[in-house]
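Biologist: I have the sequence and the coordinates open side by side. Could you walk me through them?

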Amino acid sequence: MRAALGQLLCRGRRACEAAPRPRCGGPGSAAALRCWSCGGPVPSAGGLPRFCPACRSLQPPGPRPDLFRVLACDRSFRLDEQQLRRRFRSLQRALHPDRFGQRPPKEQYYSEQHSSLLNKAYQTLLNPLSRGLYLLELNGIQLAQETDYDADSEFLMEIMEINEKLVEPNNEGNLEEIETLIKVKQEELTKEVTAAFERDDLQEAKKLLAKMKYFANLEDKLKNKKIPS
C-alpha cells in the first residue's frame, strides 16, 4: 500500500518545488509536523498523503490543501487527463478505507478524509470549467453570481435562442443538433481559456469561463430534457 505511493510522492515533491506557493499559506506553514501516533517528525509530501517514516502511520490531510498537489499535478489549466486518471486510481487503491480496516480508528478516519479529498480533487480537475474556476480561486478571483454584465449582447442572444429551442414542445429532432452545438462551443472555449491562462491573462480567462458556465447550464437542461418523464 505504502510502496504504491512512493513514485507519486517523489513526483509530487518535484512539482511542489517548481510550483508557486499557494497564496493561502501563512507564516510557519512549512514547519515540521509531528506524527499523531509516535510523535516523530513527518516531512512534507507536497500535498500528497504522508506516512510517518518511523511508525508508518498515515497522517491527516493538511489544512486547505492544493487540489493540484493532491494529485501531483502542475498547477496549470493544460492537463493530461489520462495521466490524471492513472494517478487518481493509484492513490485511490492505496488510500481506500478497506485497506485500513485493521488500523487504529484515528488512522481509519484519516484514510476516509484522504479518500474524500482525493475524489474532490479528481472531480474538480477533470472538468475544464471547475478546473478553471479553481485556478481563478487560487489567484483570488471568483465569478460573480450574475455574469450578464460581463457578456456581450450577441452572446446572450445566442444563449436565449438555444434556451427557447430547449423548451419547445416536440423538439426531439432538435436535441441532437443542440447537443452537438454545445459540445463544439465548449471545445472552442476550452481552447481559448487554455491560451488565456498560458499568457497569464486571468481577467480574460474569467470572462471565457463565465461563458463556459452558461453552456454548462444549457448542457444540464439538455440532459434533463432527454430523461424520460
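This is a predicted model: local features need pLDDT of at least 70, side-chain atom pairs count only at pLDDT 80 or more; totals for chains, interfaces and linings use all residues.

Biologist: Which residues of helix 8 are buried?

Modeller: The buried residues of helix 8 are Leu 202, Ala 205, Lys 206, Leu 208, Leu 209, Ala 210, Met 212, Tyr 214, Phe 215, Ala 216, Leu 218 and Leu 222.

Biologist: And what do the buried residues of helix 8 pack against?

Modeller: They pack against helix 5, helix 6 and helix 7.

Biologist: Take helix 7, then. What should its 27 residues span?

Modeller: Helix 7 runs over residues 172-198 and should span 39 Å at 1.5 Å a residue, while its end C-alpha atoms are 40 Å apart, which agrees. Its buried residues are Leu 175, Ile 178, Ile 182, Gln 186, Leu 189, Val 193, Thr 194, Ala 196 and Phe 197, and what covers them includes helix 5 (128-138), helix 6 (153-167) and helix 8 (202-226).

Biologist: What comes between helix 7 and helix 8?

Modeller: There is a loop there, and Asp 200 lies in it. Although Asp 200 is not a glycine, it has a positive phi of about 60 degrees. For background, most residues other than glycine have a negative phi.

Biologist: Is Asp 200 buried or exposed?

Modeller: Asp 200 is exposed, because its relative accessible area is 59%. Ala 72 also has a positive phi, of about 55 degrees, without being a glycine, and it lies in the loop between helix 2 (67-70) and helix 3. Ala 72, however, is buried, with a relative accessible area of 3%.

Biologist: Since you mention helix 3, at what angle does it cross helix 4?

Modeller: The axes of helix 3 (residues 81-95) and helix 4 (residues 105-126) cross at roughly 170 degrees and come within 10 Å of each other. That angle is why helix 3 counts as roughly antiparallel to helix 4. On the helix 3 side the contact is made by Glu 81, Leu 84, Arg 85, Phe 88, Leu 91, Gln 92 and Leu 95, and on the helix 4 side the residues include His 114, Leu 118, Tyr 122 and Leu 125.

Biologist: How many of the residues in that contact are nonpolar, polar or charged?

Modeller: The contact between helix 3 and helix 4 divides into eight nonpolar, five polar and two charged residues.

Biologist: Switching topic, how many disulfides does the structure hold?

Modeller: It holds zero disulfides. Cys 55 is in no disulfide either, as its nearest cysteine sulfur, that of Cys 35, is 3.6 Å away.

Biologist: What relative accessibility do Cys 38 and Cys 55 have?

Modeller: Cys 38 is at 42% relative accessibility and so counts as partly exposed, and Cys 55, at 27%, counts as partly exposed too.

Biologist: Last one: how many helices and strands are in the chain?

Modeller: The chain has eight helices and two strands, and read along the sequence they follow the pattern α-β-β-α-α-α-α-α-α-α. Buried residues make up 37% of its 229 residues. Of the contacts with a separation of 6 or more, 66% are between residues 24 or more positions apart.

Notes
Residues are numbered from 1 along each chain as its sequence is written. Side-chain values use heavy atoms; hydrogens and water are left out. Axes are lines fitted to C-alpha atoms, for helices over the stretch in contact, and angles run from 0 to 180 degrees between N-to-C directions. Helices (H or I, at least four residues) and strands (E, at least two) are DSSP runs, numbered from the N terminus. Angles under 35 degrees count as roughly parallel, over 145 as roughly antiparallel, 65 to 115 as roughly perpendicular and the rest as oblique. Contact means heavy atoms within 4.5 Å. Ala, Val, Leu, Ile, Met, Phe, Trp, Tyr, Cys and Pro count as nonpolar, Asp, Glu, Lys and Arg as charged, and the others, Gly among them, as polar. The expected span of a helix is 1.5 Å times one less than its number of residues. Buried means under 20% relative accessible area, exposed over 50%, partly exposed in between (1.4 Å probe, protein chains only). A disulfide is a pair of cysteine sulfur atoms within 2.5 Å.
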